[in-house]
Amino acid sequence: MVRVLINVPKTAHRGEIIEIKVLISHPMESGQRRNEMGQPIARDIIHSFRCTYNNEVVLEAEFFPAIAANPFLSFFAVAEDSGTIVFAFVDDHGTEQVERAAIIVE
Amino acid sequence: MTRGVGRWLYLVASFVVLAAAAPVPRSGYTDASPATRSMQDDDSANPAFLWVKQGETLWSTSQDGGKSCADCHGAPASMRGVVARYPAFDAARSRPVTLEQRINLCRTEHQAAEKLEQDSDSLLSLSALVGLQSRGMPVHVQQDGPMQPFHDDGARLYATQMGQLNLSCHQCHDGLAGQKLAGSLIPQGHANGYPLYRLEWQSMGSLYRRIRNCLTGVRATPFSPDAPELVAIEIYLAGRAQGLVVETPAVRP
């Protein structure tokens with residue numbers, strides 16, 4: 001489990017454009033570095049990210065080794081209904097982590 | 001007569017120059033790029049808050065001795081103002097202690113827990129959480145009284161030329177501040193935002209890590225993490241930063 005900071009407004013008006021911000025704690029090891037013994041350090045990055053809002057995909061992204069450590073994503077969505085925004089990402093170990101944020105639309 | 005006036009004018013002029021050269025403390029924030037500044041301004045974009053979040057978990061986690069930080073101190077908000085006056089003099093030990101040392105003293109004396117290693121994620125998390133509580137407060141670390149000898153030590157070290165490059169802190173961070181070193185701006189070197197997230201490190205780091213970097217940069221042997229010299233330098237730096245506010249946890253390039 002990695003630490004994730006999610007910033008989604010708790011409430012929004014119907015039709016309002018909301019900003020979603022996600023900060024994920026991850027080393028994003030590129031796989032191109034070597035350790036002090038000269039051996040390559042295995043690649044360890046989050047390679048795919050998906051954000052859904054009431055099961056509708058808002059953003060789907062593939063990441064590559066040039067992404068910095070602790071990636072930060074900021075994107076927009078239109079608030080249509082109250083519900084859950086789900087963030088799911090998979091790293092090179094095959095571990096999937098899912099985080100949720102609730103939003104109330106008035 | 002004319003010569004006398006000239007000399008007098010020269011004296012006045014040199015005083016004016018001296019007054020103008022008196023350093024106004026300038027935070028590294030002011031010199032950072034707009035992108036870096038906006039990262040620091042927005043808590044949800046500031047990667048250091050990943051550590052703060054971990055710090056919140058650690059704050060309320062019971063240690064081996066059964067006590068958590070929260071059991072004695074209550075909410076982290078009770079730490080407001082602490083980092084603004086640290087390092088502070090500890091009368092029982094007759095020496096000043098830094099915030100990191102204080103956290104470790106708490107652990108060994110009251111929590112029956114192991115010391116946390118310098119620059120470990122846990123220590124950075126706790127010091128970032130405690131530091132955050134003082135954000136926006138003026139840096140105000142005692143420099144006189146019992147702190148005087150330690151301040152003087154720090155001042156001496158700050159002006160001591162070290163390493164194969166034979167440079168002192170003073171030469172770069174006072175004399176050449178505002179100019180460039182290998183394309184990067186030389187800041188005045190104020191320590192008002194530590195522990196901070198450094199983009200170059202892609203991680204959080206303490207003031208110790210920063211000083212170690214500078215020392216290896218001038219090809220000197222860095223101080224060991226528990227060296228009293230580091231505490232002295234930290235005290236002197238805090239005195240120099242008088243007039244700035246605590247920015248912990250800051251973001252720097």
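**Reading the nonpolar core and the chain contacts**

Modeller: In this predicted model, the largest nonpolar core has 61 residues, and those with the most contacts inside it are B:Ala48, B:Trp51, B:Val52, B:Ala128, B:Val139, B:Ile235 and B:Ala238.

Biologist: Which elements give two or more residues to this core?

Modeller: Chain A contributes through E3, strand E4 (46-53) and strand E7 (83-91). From chain B come helix H4 (48-59), helix H7 (121-132), strand E5 (196-198), helix H10 (207-217) and helix H11 (228-240). The largest share, eight residues, belongs to H11(B). As a general idea, nonpolar side chains tend to be buried together in soluble globular proteins.

Biologist: With which residues is B:Trp51 in contact, leaving aside its neighbours within four places in sequence?

Modeller: The partners of B:Trp51 are B:Asp121, B:Leu124, B:Ser125, B:Ala128, B:Met204 and B:Pro249.

Biologist: How many residues of chain A are in contact with chain B?

Modeller: On the chain A side there are 10, and they meet nine residues of chain B. Strand E1 (4-7) and strand E3 (17-24) of chain A each supply at least two residues of that side. Its composition by class is five nonpolar, three polar and two charged residues.

Biologist: How many helices and strands are there in chain A?

Modeller: Chain A has zero helices and eight strands. Its C-alpha trace spans about 60 × 20 × 20 Å along the principal axes. Of its 106 residues, 17% count as buried.

Biologist: What share of the contacts in chain A with a separation of 6 or more comes from residues 24 or more positions apart?

Modeller: Such residues account for 58% of those contacts.

Note on methods. Residues numbered from 1 in each chain as written. Chains lettered and ligands numbered in written order. Predicted model: local features only at pLDDT ≥ 70, side-chain atom pairs only at ≥ 80, totals over all residues. Contact = placed C-beta atoms within 7 Å. Helix = DSSP H or I, 4+ residues; strand = E, 2+ residues; numbered from the N terminus. Nonpolar A, V, L, I, M, F, W, Y, C, P; charged D, E, K, R; others polar. Buried ≥ 20, exposed ≤ 12 C-beta atoms within 10 Å, placed from the backbone. Core = buried A, V, L, I, M, F, W, Y, C linked by C-beta atoms within 7 Å.
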